[in-house]
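Here are my notes on the model you sent over.

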Amino acid sequence: MTPILAVSQLYHKCDFSLFSFTTTEELEPLEDPIGQKNALEAIDFAANIKQDGYNLFAMGASGSGKHSTVMSFLQKKAIKEKAPSDWCYVNNFKDPRKPIAIEFPCGQAIKFKDDMYELIELLKEILPAAFEGNAYRNEFEIINQKYIDAESEIFKNLQDEAKKHDISMNASSRNRVTFAPVVDGKVITAAEYNAIEGEEKEKIDQKVNEFEKIVKEGLNKVNELNKAQRKELKSLEKKITQESVESLIDEMRSKYSYSKKIIEYLDALQNDVIRHVQDFLVKPDEMPVMPFMKDLYTPSFSRYRVNLFITHEENATSAVVYEDNPIHQNLIGKIEHLSQVGTLVTDFSMIKPGALHRANGGYLVLDARNLLMQPFAYEELKRALRSKEIRIESLAQQYSFISTTSLEPEPIPIDVKVVLIGERILYYLLHHYDPDFQELFKVTADFEDDIVRNDDNIYLYARMIGTIAKKHNLLPLTSKAVARIIEQSSKEVSHSAKFSTHLRTLSDLLKEADYWAKKENRSVVDIDDINKVLQTRIERLNRIQRKLYEQIDEGTIMISVTGSAVGKINALSFISMGGYDFGIASRITARTRIGKGEIIDIEREVELGGPLHSKGVMILSSYLGSTYAKNIPLSLSASLVFEQSYGRVDGDSASSTELYAILSSLSNLPIKQNIAVTGSVNQFGEIQPIGGVNEKIEGFFDICMRRDKNGFYGVIIPEANIKHLMLKTEVLEAVEKENFAIYAVKTINEGIEILTGVEAGEADENGIYPSSSVNGMVMARLEEFSKNAKDFYHKKSDNSDEENKTDK
């Protein structure tokens, strides 16, 4: 019985009458994507387990809805969770290069910043007032007068000693004293002193030297008094400052008593204010500098600022952060620099947070490909997850790209769930090559590409269509349009019993259909709009296909679809270019002759054949030998080639086609050129399924219809591919009119009978095939090759022996 498929086997229609709705407007929206139960359970598991390393990798085809599903799930979960802590960076007064990180309850950091600003502003007013008050002035005068009196007493004693030593002394300042000898009650000049000689001069020198020692002792006492005065005044300054500052800072200590770190910071701040109280007393307008230089000389209070690093609203919830540009600094934060007078400077206020900081206590979602493409980003993410802290480091500083002072901010502890989203190949490569990946990303959510096409899923799919339409403000769809979309979805996955879960493809289809419906001033999207989308897509993308078809029409590419020929057969190829898939016919030819059992794959010999194609050709040699030459040598040499093929050939889907060509050449039976073939074969002659079956059939159909629409044509496919058939309407109509036939075969024997019109033949108990069958003719030809080869080599051996005798 000829295995011709019925129209019902070529296309699985979706009966729109099964739908109870008129348009998708009537359907309730779906919250979760359909067919992703396992993936959603994996996301839920990863989000809720509170153990280290249970981060998530969500994998699947691009556009399958991974990102939107993950974000939607996490955002719903985050709403129920409390917001994480706020964080601030403040100055480290002991070592400004190492800013201090302080944690606050949610929403409290900004209050602390405001409190600190008010405190410093208040100190700017209180401290000058304190130092201008009577209490400070009185104590200052007392201390100052005490040391003035003591100093006056010292200089009075020096004057007394000067008189005793006949010396005139003049104290122009505290540290500068001049004196000269006195003779006969008169201060002598240098000339007069030089004129004195003898014993009198020696006496004068002796008195001067003795008095000089007394002056030095006196000046030393003055210096000691000066030091003591400055020390006492400094103590007074500290006392007044502390009395003014302590009460204000005590209020802050009381307010933030729950944090030991804040108390320590306030203590350090108080000490710093006391040490730098003069900054609060300087009046910029009184500074003797040029106006344009005031900014450089005006005291800076920036060291008392608060860097509001991470803050949340008081009623905020847990964060879900997606970082679409996960470079190193966007991930872990950065330290900015400012150019001043040609030098790069920085401080704690220039520390900026990264995505890990913003997601701390919540969830961080990253695109795996983008992450891996950024230098150092993936390694830094792993380091942060392992150490459970974020350490902000500058790459430029770390690798000495710039030579400037930088900061070492205190690390911030993190508790974050990281979700990587990417394609399956990235997951498998990371899992294989990176041992850290296995420890840090222990949960996998694998998104399905397709789901079973049953009544329940069809209804859910209709709801999904309605959900997407409402989300993007598209026109509602009729039940006929929904049915057509479901049929197209099955074709996209090449399976009549399944349909695609690829949300981006579905969304694009709906948007384009909405465009065409609105262009025709329709209020709903109908089946005609869906068909219009599919047709216009083909017209936009099929230029290469049209050019190839034109070359076939012109005879440039030699494809015959009429008559019969020995050793020639039409094979079907699948081409995918720029998102457009189509089928094309190629001629395969085979030539056979006496040989040593080898099949020459010309494509492989010229390095145009890929390994899978070469594997398929090798299987042919095994099949021929085990089927026809069990008891005789396989004295065959066959050559196979894809005619007019100038590019790389790979895949084994043409192996059965090549075998048919060899059998035709051996049996000398012509093959019908109006029938094309696709399918791979194993060593037992069984036909195995292949990919792209719909495109291959439709491609050959288009070629044939361009030649003669009234002729008869056909395609042989593997029986295992029947479930994949979702052919276009034109093919179905041609099959109904019996202008086109699709044959589904299980074995080589079934296929060769269709192609030659001759019975393949079954072997009897002795392994002998009927002589009039294809297999009988092939075996007879191979036996003839074997006998001729034996005779040839025997004759050649005899001639060689005769030549040896003659030589002797």
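1. The second largest pocket in this predicted model has a volume of about 840 Å³. Its lining takes in 31 residues. If you want to find the middle of the pocket on screen, look for Gly65, Ser68, Thr69, Lys471 and Leu503, which lie nearest its centre.

2. Who supplies that lining? Helix H2 (66-79), strand E16 (417-422), helix H17 (455-471) and helix H19 (503-519) are the elements that each give two or more residues to the second largest pocket. H2 has the largest share, with six residues. By type, the lining residues split into twelve polar, ten charged and nine nonpolar.

3. On to the sheet. Three strands make up an open sheet, ordered E3-E2-E7, with antiparallel pairing. Strand E3 (100-104) and strand E7 (306-310) are at the edges with a single partner strand each, so one side of each has no neighbour in the sheet. From one strand to the next, the twist averages 30°.

4. A closer look at one pairing: strand E2 (residues 86-90) joins E7 in the antiparallel sense over four bridges. To get your bearings there, find Trp87, which stands opposite Ile310 in E7.

5. Two helices pack on this sheet. Helix H3 (residues 109-132) touches E2, E3 and E7, and its direction makes about 170° with that of E7. Helix H7 (residues 260-275) touches E2 and E3, and its direction makes about 135° with that of E3.

6. How do H19 and helix H20 (residues 527-541) cross? Their axes come within 8 Å and cross at roughly 105°. An angle of 65 to 115 degrees counts as roughly perpendicular, so H19 is roughly perpendicular to H20. Remember that H19 is also one of the elements giving two or more residues to the lining of the second largest pocket.

7. Which residues make the contact between H19 and H20? From H19 come Thr505, Asp508, Leu509, Glu512, Ala513, Trp516 and Ala517. They meet Asp529, Ile530, Lys532, Val533, Leu534, Thr536, Arg537 and Arg540 in H20. The residues of this contact divide into seven nonpolar, six charged and two polar.

Methods
Residues numbered from 1 in each chain as written. Predicted model: local features only at pLDDT ≥ 70, side-chain atom pairs only at ≥ 80, totals over all residues. Heavy atoms only, no water. 1 Å grid on protein atoms, 1.4 Å probe; cavity = no way out; pocket = protein on both sides within 12 Å on 5 of 7 lines; lining within 4 Å. Points joined across faces, edges and corners; volume = space filled by probe spheres on them. Nonpolar A, V, L, I, M, F, W, Y, C, P; charged D, E, K, R; others polar. Pairing = 2+ DSSP bridges. Axes fitted to C-alpha atoms, helices over the stretch in contact; angles between N-to-C directions. Contact = heavy atoms within 4.5 Å. Parallel < 35°, antiparallel > 145°, perpendicular 65-115°, else oblique.
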